[in-house]
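I want to note what I looked up, entry by entry.

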Amino acid sequence: MLSIAGTDPSGGAGTAADMKSIIAAGGYAMTAVTAIVAQNTHGVREIHSPPASFLAAQLRAVSDDVEVDAVKTGMLGTLPAIEAVSAWLDANPPSILVVDPVMVSTSGHRLLAPEAEAAMVEFCRRATVVTPNIPELARLCDRPPATTRRQAVEQATVWARQSGVAVVVKTGHLTGSSVTNTWVGPDGPLFSTAGSRVETTNTHGTGCSLAAALATRLARGDSPAAALVWTTTWLHEAVAHGHRLAVGSGNGPVDHSRRSRRLQAAGAADPWLDAESAVPALESAEELLRMVPAEDPAAATPGAAVPPAGPWTRALWRAGRASTAAIADCDFVRALHAGSLPREAFEFYLAQDARYLGRYSRALAALDTDSAPAGARTFWAGSARRALAVEAEMHRTLLGGRVAASMSPVTRSYTDFLLAASFAEPYAVGAAAVLPCFWLYAQTGSGAPEVATDHPYAEWLATYRDPAFRGSVREAVGHVEDAMAAATPSVRAEAARAYLLACRHELEFFEQALRLEQVGPAPELTTAIAVAS
Ligand SMILES: Nc1ncnc2c1ncn2[C@@H]1O[C@H](COP(=O)(O)OP(=O)(O)OP(=O)(O)O)[C@@H](O)[C@H]1O
Ligand SMILES: Cc1ncc(CO)c(N)n1
């Protein structure tokens with residue numbers, strides 16, 4: 001992937017942003033510099049444009065040696081630079097050319113000489129797809145800047161039809177609770193993908209980043225829809241976490257690597273319980289806490305929405321606090337509560353949950369065993385039936401009767417673990433293993449904010465808060481308390497390990513939907529946008 005753009009020594013925009021974005025999107029990054037820009041998060045100070053012949057030399061140095069799969073252009077800066085790039089493109093036509101028609105920076109500085117604007121508009125006709133912001137789109141179409149997404153899409157539709165070039169319409173510059181990227185082809189709007197608007201000033205370089213990642217995904221063979229969905233989702237995460245970088249005191253950059261770091265952490269092979277946790281026997285509930293690292297005084301144990309039933313479950317709750325807190329803080333749960341979770345991620349989660357419930361039900365049924373007290377047997381057997389009923393209901397309503405997706409590795413390992421614990425281990429171990437599915441769900445439900453009825457996941461969030469569900473959680477906690485109390489010290493230790501592992505599986509189960517490489521199926525078709533012709 002070759003980026004032809006200006007520089008930003010503060011690393012947020014231009015070639016620096018492009019390189020970070022190309023790498024994040026899975027490409028090999030190359031850069032040819034059009035202009036050296038003295039800028040930071042507050043704005044542009046000075047621009048030095050080397051002679052266009054030197055730009056041409058950089059481009060030739062690349063194409064004489066390297067097969068270029070895709071090109072992204074950003075700030076071209078001057079008329080001679082546009083001409084040099086045009087001549088090089090004539091001699092080396094790439095199969096994908098994404099043009100970000102950079103004219104004015106977010107901070108309001110001119111990044112293109114006024115006399116070069118007409119040439120830039122003309123240059124855009126070479127592209128596979130252009131990614132103008134609202135003012136740049138207006139300049140392309142020679143119309144006043146759009147004030148609504150609908151107007152912007154209309155402008156893009158007219159221009160795309162005339163030019164035969166696709167446009168990604170970005171609405172970062174508009175207001176409203178969502179930011180939508182719409183792919184408009186020569187035949188009209190094809191699809192759009194929306195994310196929630198992040199309240200942040202860390203938007204320096206978002207345009208560069210979007211164009212570079214989009215070009216990379218297209219070059220990797222993604223369809224336009226898949227490339228735009230991937231790019232929008234990745235960029236949303238980068239924007240949402242930009243402020244934590246604490247780079248600069250103006251409009252800070254986005255965190256291009258947030259997704260990579262999250263996936264890297266998720267792929268760590270470290271055991272979930274450390275060696276210290278190999279407690280062979282538990283005589284007392286206090287000893288159970290030795291199974292996890294000593295309590296960090298700053299990290300309070302989250303209060304339990306459904307209280308423990310006695311000393312054993314109190315100790316389990318405290319010992320599991322790291323996973324419980326991580327679930328409350330994880331990207332999936334946060335986005336679910338905020339309503340910003342991509343629809344595809346939610347649907348993947350639901351489909352996996354349906355598969356999960358089928359096997360979970362079998363694990364519960366296995367707890368209806370001779371070695372369990374009579375009251376507990378009835379409860380587990382009833383829960384097994386209810387889990388099946390919920391699965392059937394989910395298939396019917398939320399999944400619309402669609403065939404469930406095949407089981408993910410995370411769903412499989414969680415349910416294999418539950419089945420092994422419930423079928424092959426003593427009763428207390430199986431009971432402790434299934435408890436987090438009750439207890440941590442009630443916890444997640446109680447942490448959910450009251451949401452308006454138009455919240456996309458309102459119906460789902462309401463099911464967590466269902467009083468009948470909380471009642472069954474209370475019962476499950478009670479049965480595990482009894483089972484732990486009645487078990488031998490060595491079975492208790494095994495049961496506590498099972499509980500802690502299941503807590504961690506719960507975290508993985510939520511987060512897996514944000515680890516899909518291909519976020520899809522196809523995004524919402526924009527038949528809803530009526531475009532005036
Ligand atoms: N506040 C935000 N919340 C979520 N996503 C955002 C936000 N701001 C920008 N984005 C993402 O970045 C993309 C590009 O933003 P924008 O429309 O502001 O482009 P731009 O003006 O070209 O950017 P630049 O700041 O680099 O000039 C948007 O389409 C969207 O995907
Ligand atoms: C080099 C460069 N390209 C693009 C932008 C727009 O953000 C910028 N600030 N700097």
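I began with A246, which has a place in the loop between α8 (224-240) and α9 (258-266). I read off its phi: positive, about 50°, although A246 is not a glycine. Is A246 buried or exposed? It counts as exposed, because its relative accessibility is 64% and the cut-off for exposed is over 50%. I keep in mind that this is a predicted model.

I then turned to D142. Its phi is also positive, about 60°, and D142 is not a glycine either. I found D142 in the loop between α5 (134-141) and α6 (149-163). D142 has 68% relative accessibility, so it counts as exposed.

**Entry: the whole protein**

I stepped back for the overall counts. The protein holds 20 helices and ten strands. I noted 533 residues, of which 54% count as buried. The C-alpha trace spans about 85 × 50 × 40 Å along its principal axes.

I looked up the surface next. The accessible area is about 22,500 Å², and carbon and sulfur atoms hold 55% of it.

Then I checked charges. I have 43 positive and 53 negative side chains. The centres of these two sets lie 3 Å apart.

How much of the contact list links residues 24 or more positions apart? Among contacts with a separation of 6 or more, such pairs account for 73%.

**Entry: α17 against α20**

I wanted one helix pair in detail. Two packed helices are described by the angle between their axes and the distance between the axes. I took α17 (residues 427-447) and α20 (residues 489-511). Their axes come within 8 Å and cross at roughly 40°. The crossing is right-handed.

Which residues meet there? On the α17 side I listed, among them, A428, A432, L435, W439 and T444. On the α20 side the list includes V491, A495, A498, A502 and F510. C437 of α17 and C503 of α20 are also among the residues of this meeting.

I looked at A211 in helix α7 (residues 206-219). A211 counts as buried, because its relative accessibility is 0%. Leaving out neighbours within four places in sequence, I found A211 in contact with K72, V98, D100 and T131. V98 is 113 residues away from A211 in sequence, yet their C-alpha atoms are 6.5 Å apart.

Next came A384, in helix α15 (residues 374-396). A384 has a relative accessible area of 6%, so it is buried. Its contacts, neighbours within four places set aside, are S361, L364 and A365.

Why does E237 count as buried? Its relative accessible area is 10%, and buried means under 20%. E237 touches R258, R259, R262 and D331, when residues up to four places away in sequence are not counted. I also looked up E237 and A84: they are 153 residues apart in sequence and 36 Å apart in space, C-alpha to C-alpha.

How values were computed:
Residues are numbered from 1 along each chain as its sequence is written. Chains are lettered from A and ligands numbered from 1 in the order in which they are written. This is a predicted model: local features need pLDDT of at least 70, side-chain atom pairs count only at pLDDT 80 or more; totals for chains, interfaces and linings use all residues. Side-chain values use heavy atoms; hydrogens and water are left out. Helices (H or I, at least four residues) and strands (E, at least two) are DSSP runs, numbered from the N terminus. Buried means under 20% relative accessible area, exposed over 50%, partly exposed in between (1.4 Å probe, protein chains only). Contact means heavy atoms within 4.5 Å. Accessible areas come from the Shrake-Rupley method with a 1.4 Å probe; for residues, only the protein chains shown count as cover. Lys and Arg count as positive and Asp and Glu as negative; His and the chain ends are not counted. The place of a charge is taken as NZ of Lys, CZ of Arg, CG of Asp or CD of Glu. Axes are lines fitted to C-alpha atoms, for helices over the stretch in contact, and angles run from 0 to 180 degrees between N-to-C directions. A crossing is left-handed if the near helix is turned anticlockwise from the far one by less than a right angle, and right-handed if clockwise.
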